[in-house]
Amino acid sequence: MLVSVSILSSVYKAKEIVEKINKTTADFIHLDIMDGKFVENKTFTFNEIKKLVNFSNKKLDVHLMVKNPLKYIEDYALLNTEYITFHYESVNNHIDIINKIQEYGLKVGISIKPKTDVSEIENILKYLDLVLIMGVEPGKSGQEFKESTLDKIEKLKQVIVENGYKTIISVDGGINDEVFKMVKEKGADMIVSASYLHEGDMEEKIKEFKV
Ligand code: DX5
Ligand code: ZN
């Protein structure tokens, strides 16, 4: 299981959090980028992010919760980024955005909100390195996992396996130890977590996710 640690939205504590994540076996730092339009909240500005990631030794897993993903790609592509993920619901020209991300040599992900069905992305799955299934409405940390997400993971896994795609499944929002077991059983390859991992001993919890 890959583990991507989401940094909480507070800019003030973020440097300490990044340094804490450095000392763990986490695979990625998950960056939640919100524009105040696609979702209500706004997170870090690019300048804040640039300063922050200087302190990090982890690759970045960028989650764009924005109305116009094209505007953000170049900036984030120039950091130590492995994945850029944008929302299926944010645009109509999915292939253009996918191409743009791939032009920078990065892996590309699409995220789907709780109400978006897996069938909507089936025809573009072959282009995707990752699908980020939201377990909560995008916008903030600390929400409760929606159980209906489990069927979506199972269905998506089935389509991926049947077609022999290389796409991995990441699940974001509401992950804790109990939810982890369920999403793993349904076929998740990566989990994203903020509130659960930031409470208590982060490395202990990451180790449990990795067994
Ligand atoms: C939600 C974000 C998540 C969030 C996860 O909109 O995309 O990455 O930070 O937070 P928890 O793990 O607290 O649900
Ligand atoms: Zn996220």
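Biologist: How do I read a polar contact here, say the one between Ser 141 and ligand 1: how far from an oxygen atom of ligand 1 does the polar side-chain atom of Ser 141 lie?

Modeller: Bear in mind that this is a predicted model. For a polar contact, you look for a pair of N or O atoms within 3.5 Å. In the case of Ser 141, a polar atom of the side chain is 3.0 Å from an oxygen atom of ligand 1.

Biologist: And which part of Gly 139 comes up against an oxygen atom of ligand 1?

Modeller: The backbone. One of the backbone N or O atoms of Gly 139 is 2.7 Å from a ligand 1 oxygen. With His 63 you go back to the side chain, where an N or O atom is 3.2 Å from an oxygen atom of ligand 1.

Biologist: How much of ligand 1 does the protein bury?

Modeller: You start with the ligand by itself, then see what the protein covers. Ligand 1 taken alone exposes 380 Å², and 99% of that is buried by the protein.

Biologist: Where does ligand 1 sit?

Modeller: In the largest cavity. Around ligand 1 there are 18 residues, and the closest are Gly 139, Asp 172, Gly 174, Ala 194 and Ser 195.

Biologist: What kinds of residue make up that shell around ligand 1?

Modeller: You sort them by type: the shell has 10 polar residues, 5 nonpolar ones and 3 charged ones. At least two shell residues come from each of the strands β2 (28-34), β3 (59-65) and β8 (190-193).

Biologist: Let me try a residue in one of those strands. Is Ile 191 buried or exposed?

Modeller: Buried means under 20% relative accessible area. Ile 191 belongs to strand β8, and it counts as buried because its relative accessibility is 0%. Now look at who is across from it in space: the C-alpha atoms of Ile 191 and Met 1 are 7.4 Å apart, although 190 residues separate the two in sequence.

Biologist: What about Ile 29: which strand is it in?

Modeller: Strand β2. Ile 29 has a relative accessibility of 2%, so it counts as buried.

Biologist: Let's do a helix. How does Lys 186 count at 22% relative accessibility?

Modeller: Lys 186 is in helix α6, residues 177-186. Its 22% makes Lys 186 partly exposed, since that label covers values between the 20% and 50% cut-offs. The C-alpha atoms of Lys 186 and Glu 154 are 5.0 Å apart, with the two residues 32 apart along the chain.

Conventions
Residues are numbered from 1 along each chain as its sequence is written. Chains are lettered from A and ligands numbered from 1 in the order in which they are written. This is a predicted model: local features need pLDDT of at least 70, side-chain atom pairs count only at pLDDT 80 or more; totals for chains, interfaces and linings use all residues. Side-chain values use heavy atoms; hydrogens and water are left out. A residue is near a molecule or strand if one of its heavy atoms lies within 4 Å of it. A polar contact is a pair of N or O atoms within 3.5 Å; within protein, one must be able to donate a hydrogen and the other to accept it, and residues adjacent in sequence count only if both atoms are side-chain atoms. Accessible areas come from the Shrake-Rupley method with a 1.4 Å probe; for residues, only the protein chains shown count as cover. On a 1 Å grid over the protein atoms alone, a cavity is a set of points where a 1.4 Å probe fits but cannot get out, and a pocket is an open set with protein on both sides within 12 Å along at least five of seven lines; lining residues have an atom within 4 Å of a point. A molecule sits in a cavity or pocket if more than half of its atoms lie within 2 Å of its grid points. Helices (H or I, at least four residues) and strands (E, at least two) are DSSP runs, numbered from the N terminus. Ala, Val, Leu, Ile, Met, Phe, Trp, Tyr, Cys and Pro count as nonpolar, Asp, Glu, Lys and Arg as charged, and the others, Gly among them, as polar. Buried means under 20% relative accessible area, exposed over 50%, partly exposed in between (1.4 Å probe, protein chains only).
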